[in-house]
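Okay, thanks everyone for coming.

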Amino acid sequence: MILERIVLENFRQFKGRQEIVFSDIRERNVTIVHAENGFGKTTLLNALLWALYGQDGFTGDFEKQGSLIHEGLAANATDPTHVAASVELTFKHDSDRYIVTRELTLAEQLNDPKRARLSLQVMKDGQTLSLDNPQRRIQAIVPDGIAGFLFFNGERIDQLAMEKNSAEVTAAIHQMLGLKLLKTTIDDLQHQNVRGKFLRELKENTSDEKRDLLAALEASEERVREIGESQNQVQANLKAIEAEIAGIDRKLDANREVHELQAKRVRLLDEMKELGAKREDLVRRLSKLIADDGYTLFTGDLVSRGKEIMRDLRDRNMIPAPVIDTYLQELLDSGLCICERHLPQGSAEFEAVKKKLSSAPNQDFNNAVSAIDHAVGLLEGVSHQTRENLRQLNIERLNLQNEIRNREEEEAEIHQAIGGKDDEEVQSLEAARSRHILEKDAQHAKMGALGRDLMGEKEAIERLTTQIKAISDQEEQAARAQRRVDAVEDCTRILQEILDAETEELRPILNDEIDTHFRKIIDREYWAELSPDYSLRIRKRVPGREEGEVVAEIDVALSTGQRQVTSLVFIASLLSLARRRSEIPTILKGLSGSEYPLVTDSPFGQLSIFRWGIAKWVPDLAPQVVLLVSPKQFDGDVADALRATGRIGKQYYLAYHGPSMPDRAQPALVVDGQTVTQYFQSDEEFTEIREL
Amino acid sequence: MSAEPPTPQNRAKQIFSKASPEHQELIREILRAEREVINMKRRSDIHTRLYDHIRRIIK
């Protein structure tokens, strides 16, 4: 999908007909829309989403979603069936041109704004065809599951690079790289109307004993569903709480009286995160040490006793064996004893030496003695080293614990200092912050309890499934129902294994892609990786005491800007891989490369020092980039990087007309030395799209 | 560097080829049906089709 044009008509503040023609030139694949905050960037992004997905597509920060028609026109309308808002989006996909149009009259908006009319035309071989089921067709081209990774608010994308979002990361990989088919099939097979139906048939036809087990299985599965829903709810609560805390933190940061304290708190929290990551890593190393060598700590008595026995045998000259069998055999063969006496066969001396031969140890005995000697020494050495390593790691752990505790205490003092200010707004913000932190901890505890319940239920399901399978049915109908249930289970398992294998094999390819681009942007000794559980992580090496020694590799506690970079690089890498999907082996036939655009609202807000790198490299990865930016975000690094790479294909700006100018906006916009007026005083409020 | 890991094609194919012929046929049929409706939100029709496929193949 490559965007070609968007036409807005009376959509929110975009009064009349307004259009943007996107740059579709591969070498100049960036289209920029300059707009001050409050002029309509978010509305523009949402107009595009509305055209594709209707009301379901809107971003969370798009307010008054039921009111889409220009307010002035709606207020003065005499006939609500003749006033309408519409968005027309033209795009290319697989060499065909599509035009999607969504329109909503005022009458429809008043009745049910979700009832907007949608049409989809395709231009194929010089002909224009109107397509049936337009929403289904659009979904086939750009499933709404990937919309969040293509059209998004850049300031919120940092959330993706957080450990708890590994499910979203996995979903993005599946969606963009064509593995969704396997995942959806698994879900459909497990549905109540497929597996559930076969289970019900089995229940109706089987023995009482099996029926009871099936009822228990059904109950357990219901509980798993309930727990899953509760976990989703807790996850949503946590997201909302974190957003609230972030909002409070921003307000505290903007308050002159507590700005410094708040900045210190942010620094302390970042440090605590990093120390926490170090501690986790240390605990992992401790666990590994105990699992690998911990047994040696309990071998002290064994080693002492072994050494004692060896010493005793050595004292008694029994080990190593002074005379071994081969030597005695040589004497017998040569017919000459060690004492120079002859040993004729059959003589008493010959028989005496022969007798000794039968009980004499061989060379293997001496080898074994030396191996035991070596093993006992080794065990003693490893035991000593393990004890020493444990002691060291424990000291490090305690030190880290202390460092974390010190920062916790400092943070608690900051809380007291901010809470103790006379400013009522500050007091109430701090009180709200504490409330949210308490609630966050409570939600985490709830999540832990739900996790334990889930594990218990899953164990029960496994047990019950085995018990059910073990009871063979006598009746043919029941036996057949059981075979069908088994087939569903087996196919689900096979498909899951295939999905896991394909996803796992994509991970290193994606990792290479992400890391290559991440290193270009982040100029530190960090590297990006997609962990085995599919969370995006940034890692670094912790140096040891000696030069060149690396004692550990740990997660870096990321700032919002670094998380944003990680998320953007991940998405751009996915887009890059999606484009060359057909080159990556897969069992699924017909997976072709797909091009998708990247449309982002305010992507540079939190990026600070990484703006240049993102502006330089992301257009290299994504086939098409549309940036909705404020002058403050664009000027400087972003403008320099885009100009240096020659990536800018088209530029527009939003001109705002209204009774007063939004806060912090400037009346004029300067781009490439060209000055244009972007604010016009007017009684009526509306926005125009103008090309630069 | 250790030896090259098997490609996904190989790994996924290995898993698939280990399945019984009956399961292989079922999986092929199911995926063919799913492919047509992959992005549809309404799933009731595909559920009926999957149910019928399984009934037809597993006697």
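Some housekeeping before that. This is a predicted model, so keep in mind that local features need pLDDT of at least 70 and side-chain atom pairs count only at pLDDT 80 or more, while totals for chains, interfaces and linings use all residues. Residues are numbered from 1 along each chain as its sequence is written, and chains are lettered from A and ligands numbered from 1 in the order in which they are written.

So, the overall make-up. Chain A has 20 helices and 18 strands; helices here are DSSP runs of H or I with at least four residues, strands are runs of E with at least two, and both are numbered from the N terminus. Of its 692 residues, 32% are buried. By buried I mean 20 or more other C-beta atoms within 10 Å of the residue's own, with exposed being 12 or fewer, partly exposed in between, and the C-beta atoms placed from the backbone. Now contacts: two residues touch if their C-beta atoms, again placed from the backbone, lie within 7 Å. Among chain A contacts with a separation of 6 or more, 70% are between residues 24 or more positions apart.

Chain B has 59 residues, 19% of them buried. It has three helices and zero strands, running α-α-α from the N terminus.

On to the sheet. Six strands of chain A make an open sheet, in the order 2-1-4-5-6-7, with antiparallel pairing. Strand 2 (14–21) and strand 7 (127–130) of chain A are the edges, each pairing on one side only. Pairing, by the way, takes at least two DSSP bridges between two strands. On average, neighbouring strands in this sheet are turned by 15° against each other, ignoring direction. Zoom in on strand 1 (residues 2–11) and strand 4 (residues 84–93) of chain A: they pair antiparallel over seven bridges, and A:Glu9 sits opposite A:Ser86 of strand 4.

What packs on this sheet? Helix 1 of chain A does, touching strand 1, strand 4 and strand 5 (96–105), with its direction at about 80° to that of strand 4 of chain A. Helix 4 of chain A lies across strand 4, strand 5 and strand 6 (117–124), at about 60° to strand 6 of chain A. Those angles are between N-to-C directions, from 0 to 180 degrees, with axes fitted to C-alpha atoms, for helices over the stretch in contact.

Buried or exposed? A:Leu45 counts as buried, because it has 26 C-beta neighbours inside 10 Å. Beyond four places in sequence, its contacts include A:Phe151, A:Val599 and A:Leu628. A:Thr59 is another contact; the two C-alpha atoms are 8.6 Å apart, for 14 residues along the chain.

For contrast, look at helix 13 of chain A. It lies largely in the open, because zero of its 12 residues are buried. A:Lys355 is in that helix, and counts as exposed because it has 11 C-beta neighbours inside 10 Å.

Now the cores. A nonpolar core is a set of buried Ala, Val, Leu, Ile, Met, Phe, Trp, Tyr and Cys residues joined through C-beta atoms within 7 Å. The largest one has 127 residues, and A:Leu48 and A:Leu574 have the most contacts inside it. Helix 16 of chain A gives the largest share, 16 residues. Leaving aside neighbours within four places, A:Leu574 touches A:Phe149, A:Ala172, A:Ile173 and A:Met176. Another core, of six residues, lies apart from that one, and A:Leu252 and A:Leu429 are among its members.

Strand 9 (residues 526–530) and strand 10 (residues 536–543) of chain A run antiparallel, joined by five bridges, with A:Trp527 opposite A:Arg539 of strand 10. Five residues sit between the strands, and A:Tyr534 takes a positive phi near 60°.

Last up, the contact between the chains. It takes 31 residues from chain A and 29 residues from chain B. On the chain A side, helix 4 (134–141), helix 7 (180–189) and helix 16 (476–521) are the elements giving two or more residues. Which of them gives the most? Helix 16, with 14 residues.
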